[in-house]
Amino acid sequence: MLEQKKVAIFNDLSGFGRCSISVMLPLLSVMGHQGVAIPTAILSMHTEFPHYHLVDFTDELPAYLESFQKEGLCFDALCTGFLGNERQVQILKQYLKHADKQMKVIMDPVMGDHGHCYPTIEPAIIEKMKELVQEAHVLLPNLTELCLLCDQEYPEQMPDDAFLLDCCRQLEAKGPSQIVVTGMEQDGRMCTWVYEKGSVQKVWNRKIGNGRPGSGDVFAAVVSGSLLRGDSLVDSVQRAADFVGDSMELTLQMKTPHAYGLCFEPLLHRLMD
């Protein structure tokens, strides 16, 4: 029996729509870890739904995190996701200053996709995120976010190896030694670029459907859960990519509306071993 790990999830919490903390908790749990929610915002449903209700949790975060510190709670890993404003980035940076130095920081720098920033992401947040990635051990940007972090123009087709290698080296110089670049497509297949301390491997999967809300959170959770089990980075990425693909295939078979995210629940048992 593996020792149970405690994983803090610094992300928003949506009640409906299968994304962020709502999907990361069950995925980490079925993989044997204890997930702990640190909500940056609480939503009735994610923002693709026109009638969502959102409560910004920024003002509550300092006291929320302080209560953990007063209890002496330590985490084996911290997974970060959507940060809604500059202040949240600063709060997280401050928390990391006092956190256990053995804690693995797995960071998904959620800022945009398909060459565009999300509506809430302002230039100031991008600049703060460039500073925050210095605290990461594992970085999980998609191609858009990689370009934003490295001040590169977004390529309209899959970039060559030299472009990706240069970006990864640039980020590694700031801190993270393990970088996983997602969201690249070529010849009907999806490529995930896995960079680790100067070496590169590519994980290829067939393209199934189009990206859905929460698919990145599912990917990040499975990568995180696998790494905490002691799996290699490339094996963790392969498992996550396969799981997202299988979940997408099932979701399409079930004719699930796009905004409802991935129907991963019937496949959770696959992550238990």
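Two strands are said to pair if DSSP finds at least two bridges between them, and the strands and helices named here are DSSP runs numbered from the N terminus, with at least two residues (E) for a strand and at least four (H or I) for a helix. This is a predicted model, in which local features need pLDDT of at least 70 and side-chain atom pairs count only at pLDDT 80 or more, while totals for chains, interfaces and linings use all residues. Residues are numbered from 1 along each chain as its sequence is written, and side-chain values use heavy atoms, leaving out hydrogens and water.

Let's start with a hairpin. Strand 10 (residues 189-196) and strand 11 (residues 199-206) run antiparallel, joined by 8 bridges. Tyrosine 195 has valine 200 of strand 11 as its bridge partner. Between the two strands lie 2 residues, and lysine 197 in the turn has a positive phi of about 50 degrees.

Now to the helices. The axes (lines fitted to C-alpha atoms over the stretch in contact, with angles from 0 to 180 degrees between N-to-C directions) of helix 1 (residues 21-30) and helix 7 (residues 215-228) come within 9 Å and cross at roughly 30 degrees. Helix 1 and helix 7 are therefore roughly parallel, a label for angles under 35 degrees. Their contact (heavy atoms within 4.5 Å) involves Val23, Met24, Leu27 and Leu28 of helix 1, and residues of helix 7 including Val218 and Ala221.

Finally, look for aromatic rings: the structure holds 6 aromatic pairs, meaning rings of Phe, Tyr and Trp (its six-membered ring) with centres within 6.5 Å. Phenylalanine 16 and phenylalanine 49 have ring centres 5.7 Å apart and planes at 65 degrees, so this pair is edge-to-face, the term for planes over 60 degrees apart, with under 30 counted as stacked and the rest as tilted. The pair links distant parts of the chain, 33 residues apart.

How values were computed: Angles under 35 degrees count as roughly parallel, over 145 as roughly antiparallel, 65 to 115 as roughly perpendicular and the rest as oblique.
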